Amino acid sequence: MILDALKYLSYVLIFPGFLFCFLTGMLLCGIDRKLVARMQKRVGPPILQPFYDFFKLCGKETIVPDAANRTVFLLAPLVGLAALVVLQLFIPVFGFTAFSNVADVIVILYLLLIPALSIMVGGASTGSPYAGVGLSREMVTVLSCELPLVLVLLAVGKKVGAATGSGICFSLTEIVRYQMANGSLVLRLSMLPAAVAFLMVIPGETGSHPFDAAEAETEICEGMLAEYSGAPLGVFKLNHAVKLLTMTSLFVMLFFGGLGGRIEALVAALGLSGGLAGAAITLLGVLLLFALCVAVTAVSISFVHAVTARLKIEQIFKFYWTVVSALALVSLVLAWYGL
């Protein structure tokens, strides 16, 4: 009983929970910024710059506006971070998940909304007019991303469900198991449009350039974050980094989940399965493959950052509800007809 409690506590606090999210998310954010700078022929900040910024903010004074609701103002970033850490616990990483068989796609959609709602509630609690403009823009961005995201998840669920005879599969674990037995979905021609659509959804969900209309520095002075400072602002910056990790993890799970089976087969062929060496090699292979897929995803996101100018809010809405949704819909139709 005590050992089980310690095991789950380590999942929450270490891997794949808070510590893993903090370190990997910050590193991914730093790599993203460095890649964008290189693509624009700039030196760019050090890869560890997000760590420096976070700890610097944590050491600064936290100023709460007189008009703000103090409790909501301070709790909003923590609620968003908690939701992202819990979300990461439910995402299988090549077959491994902290809490298996207890979450499906619907839970993922709900949890993804909480960080966006927390930053909107936190901004609204300040009473700042800049936060009000940013809040309205954030709501439009969230609504813009939801349609293509749902279509992508439906396309993947229909593809797996049609093969397993379950109609539409909403189980994250089943989606990974199907890929481990039949190969990664990214290798299926019918799923490529959905994969591209998901890559386009990631910058919008994370509020990254060019989909950062809610925090446009030159227009509304950081929008909902205009009144934040000190540690709460640092936690919001951490939320951005962790959400970038969470979205790339979800992408890897949906389209590269079958790679874990190849590592397990290799370990079995070498006669190392079952022992400590086999477990270590399997874990190393899973982590390397996961890092490779995250790196590929980060390059794709960074490419969008580098070649696209920041979009206006109406352009973001049109882009997601036309181009990105159309790509996801193509995969859904193909999956529906068994292709």
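Predicted model: local features only at pLDDT ≥ 70, side-chain atom pairs only at ≥ 80, totals over all residues.
Switch to a cartoon view. The protein chain has 13 helices and zero strands. Now colour by burial. Of the 339 residues in the protein chain, 51% are buried.

Select helix α8, residues 192–206. How far apart are its end C-alpha atoms? They are 22 Å apart. At 1.5 Å a residue, the 15 residues should span 21 Å, so the two values agree. Is α8 largely enclosed or open? Count its buried residues, meaning those under 20% relative accessible area. In α8, 13 of the 15 residues are buried, so the helix is largely enclosed by the rest of the structure.

Step just past α8 to Gly 207. Gly 207 takes a positive phi of about 70 degrees.

Stay there and bring up the largest pocket. About 1100 Å³ of space lies in it. Its lining has 42 residues, and Gly 207 is among the closest to the pocket centre, along with Ser 208, Glu 215, Lys 237 and His 240. Select those five residues together.

Now widen the view to the helices around the pocket. Those giving two or more residues to the lining include α2 (18–39), α6 (129–164) and α8. Which helix gives the most? Select α10 (230–256): α10 leads with six residues.

Finish by colouring the pocket lining by residue type. You will find 18 nonpolar, eleven polar and 13 charged residues.

How values were computed. Residues numbered from 1 in each chain as written. Heavy atoms only, no water. Helix = DSSP H or I, 4+ residues; strand = E, 2+ residues; numbered from the N terminus. Expected span 1.5 Å × (residues − 1). Buried < 20%, exposed > 50% of the residue type's maximum accessible area, 1.4 Å probe, protein only. 1 Å grid on protein atoms, 1.4 Å probe; cavity = no way out; pocket = protein on both sides within 12 Å on 5 of 7 lines; lining within 4 Å. Points joined across faces, edges and corners; volume = space filled by probe spheres on them. Nonpolar A, V, L, I, M, F, W, Y, C, P; charged D, E, K, R; others polar.
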